[in-house]
Amino acid sequence: MAPIIELMDVTKQYDAATRALDGLSLSMEEGEWTSIMGPSGSGKTTLLNIIGCLDSPTSGNVRVAGTEVTGLSQKRLTLFRCQNVGLIFQQYHLIPYLTALENVLVAQYFNGAVDESDARMVLEDVGMGRRLDHLPAHLSGGEQQRVCIARALVNAPRLLLADEPTGNLDSGNGAKVLELMKRLHKEGHTMVMVTHSPDVAALGDRIIRLVDGRVASDDRNGESRSKVVGDIAMEAEA
Amino acid sequence: MFWRVLGKSIARRKSRVALAIVAVLMGASVSSALLTTSFSMNEKLSAQFRNFGANIIVQPRSDTIEVGLPGISFGSVTEQRYINESDLWKIKRIQNWSANVLGFAPFLYEVVDVNAGGQPRQVVLAGTYFEHVEPKITGNDGSDWYTGIRNIATYWDVRGSWVANDSDGRGSMVGITAAERLGLSLGETYEVNYADPFTLNVTQKELVVAGIVSTGGPEDSQIFVNLGVAQELSSRPGKVHVVQVSALCFNCPAEKIGREIEYSIPSVQAKSVRQLVNAESDIMMRLESMMGLVTAVALGASTLGVMTTMTTTVVERRKEIGLMKAIGARGREIASLFLVEAALIGLAGGLAGYLAGYVLAQYIGQTVFGSAVTVVPVVIPLTLGISMAVAAGASSVPIKRALGIEPAVVLRGD
């Protein structure tokens, strides 16, 4: 399979003291579900933001869906993200004064084509068909997350990026959301998911552990393929 | 979708948006009041100044002859000259400023003896136009053009009635002081005698008191009759001593009008009543600069009000803006959400401000000028334009701030 994401020697330096990513190189393949784990401050969210074109690396190259995104203008990055990346947030980030349906329509609107029947279909697909006209405040956390997933899916992106999608959910709602994500993966969606939970991470085809902005381990199908320096691996284990 | 997002976002922040509208309203109402007053003032002030009487005096050009012994001047004498009544229409047909000539009234003065109560008394009799149709002039729509003392001296306080028109050979208007001195009252008939100073021939005329005039000026001790009557009495047909001209002189140079009159009728000299003209411009200038200052302060306050409200809104909606950017909103889409909201705030505040300003203008009109202010249609788009510009301008800094929001930063999981 062709890599859909390629990072080459990517560094992200916020200030002199904070280096979130440190010469990171990795690639992910189309249709793959990659879980990213690591302690707080290890660079998981920064990595996700760079893959999702929400942030740019300080140095190195990033290639997403065949496009070299490093150096693209803000305007082109926005367009690229809109067409190729679906974002799922831990906090859902729904617009509070818009209904479930409208929250999905907004994503279509910014992509240039509003199709209400399509938006309804996606919401029905994630099990929200009967809650279309509810405001986020009237939805449970799990329901809000499903609306967030529907919004991420509505523009048929090539890549789904999820940052702790079950982090704010109780176990029941978390399980429902994970079921949905498993199904989406089965349907062929490429997913990159940041999680703290080993159980959730284990649902993926591959688990990448980050420590101090570097890959500490890279396990595929349960077998460690890490080529990581010993001390970092030891630190990760610790 | 744009309008749905905008509408719902505004509906959710009703009180904050209302606050911004009130901020615009305050500035808009002052601008609207002052614009309405200022525009109306052109008409109002001119009308008021017209009430003071004529602002250009036309006299026959006369050569002054110095009299005296060598080295000692006894003063000067002027040969009595007249303006021809047949030339007067030219005053309304001057080259560039004819539209500003509102009217004129000729005067022919003579001293007459009045027999009232058996005792003859001398009094100045003035022949003039009361309400004269000038046959050589027609209005734009072909209507008659009226001129005369009734048009240019609206400050005359008349008890009784005006002398109707040129054909009234007996009607007269008597100044209040003269009426008291002569013991004349409304409707009374009296006799005037004019003795020619050269031939000593005496002509008589019977007149009726149509009205009693009070002006607080020299008119109070004079008698006014139709010009033809005075000309006939003193055997000076077609002659006039002086013409008072009322020109609409709001910022227009009365001197130029005067020069044009002199050009049209070469035998006359026309002088502006300079003090009056200067007073007009002076009052206007003072009022306009005061208005400008108040408007600037009010609009500045509105700008600050809207800017504060919009900045708070942007800060409150940081995550929402970040989310929109993350899911594909471009800068112009974010900017247009705020700009259109600002324009709507400007529109609503401007409309409400126009109405409030109109009420305020009425108050200013009544208290300062003693008359109602008219609706000036051009003030509506002007006020709306100013309000929308203030709202949009005040939003520029908050919008810039919104555009600078980085989704990765504001959406970071807490």
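# Reading a two-chain model

Student: Let's start with helix α6 (residues 254-264) of chain B: which of its residues are buried?
Tutor: First, the word: buried means under 20% relative accessible area, exposed means over 50%, and partly exposed lies in between (1.4 Å probe, protein chains only). Helices (H or I, at least four residues) and strands (E, at least two) are DSSP runs, numbered from the N terminus. In α6(B), the buried residues are B:Ala254, B:Ile257, B:Gly258, B:Glu260, B:Ile261 and B:Ser264. They line one face of the helix, because seen down its axis they fall within an arc of 160°; the arc is that of the directions from the helix axis to the C-beta atoms. On the other side of α6(B), B:Arg259 and B:Tyr263 are exposed.

Student: What should I know about the model itself?
Tutor: It's a predicted model, where local features need pLDDT of at least 70 and side-chain atom pairs count only at pLDDT 80 or more, while totals for chains, interfaces and linings use all residues. Residues are numbered from 1 along each chain as its sequence is written, chains are lettered from A and ligands numbered from 1 in the order in which they are written, and side-chain values use heavy atoms, with hydrogens and water left out.

Student: How many helices and strands are there in chain A, and how many in chain B?
Tutor: Chain A has 8 helices and 11 strands, and chain B has 11 helices and 16 strands. Of chain A's 238 residues, 54% are buried; for the 414 residues of chain B, the figure is 46%.

Student: How do I read the folding of each chain from its contacts?
Tutor: A contact means heavy atoms within 4.5 Å. Look at contacts with a separation of 6 or more: in chain A, residues 24 or more positions apart account for 67% of them. In chain B, residues 24 or more positions apart make up 75% of such contacts.

Student: Which residues have the most contacts inside the largest nonpolar core?
Tutor: Here's the general idea: in soluble globular proteins, nonpolar side chains tend to be buried together. A nonpolar core is a set of buried Ala, Val, Leu, Ile, Met, Phe, Trp, Tyr and Cys residues joined through side-chain atoms within 4.5 Å. The largest one here has 101 residues, and those with the most contacts inside it are A:Leu7, A:Ile51, A:Ile149, A:Met181, A:Val192, B:Met324 and B:Phe338. Helix α3 (residues 100-110) of chain A gives the largest share, 7 residues. There's also a second, separate core of 44 residues, including B:Leu88 and B:Val240.

Student: What does A:Leu7 touch, leaving aside its neighbours within four places in sequence?
Tutor: Its contacts include A:Leu24, A:Leu26, A:Leu47, A:Ile51 and A:Val62.

Student: Is A:Leu169, a loop residue, buried or exposed?
Tutor: A:Leu169 sits in the loop between β7 (159-163) and α6 (171-186) of chain A. It counts as buried because its relative accessible area is 14%. A:Leu169 and A:Gly142 are 27 residues apart in sequence and 6.4 Å apart in space, C-alpha to C-alpha. Beyond its neighbours within four places, the contacts of A:Leu169 include A:Tyr92, A:Gln145 and A:Val177.

Student: How many residues of chain A are in contact with chain B?
Tutor: 27 residues of chain A are in contact with 25 residues of chain B. Buried area is the accessible area (1.4 Å probe) that two parts lose on being put together, summed over both. Chains A and B bury about 2500 Å² between them, with 66% of it on carbon and sulfur atoms. On the chain A side, A:His93, A:Tyr97 and A:Phe110 lose the most area to chain B, together 30% of what that side buries.

Student: What is phi like at A:His93?
Tutor: A:His93 is a residue other than glycine with a positive phi, near 50°. You'll find A:His93 in the loop between β6 (85-88) and α3 of chain A, and at 9% relative accessibility it counts as buried.
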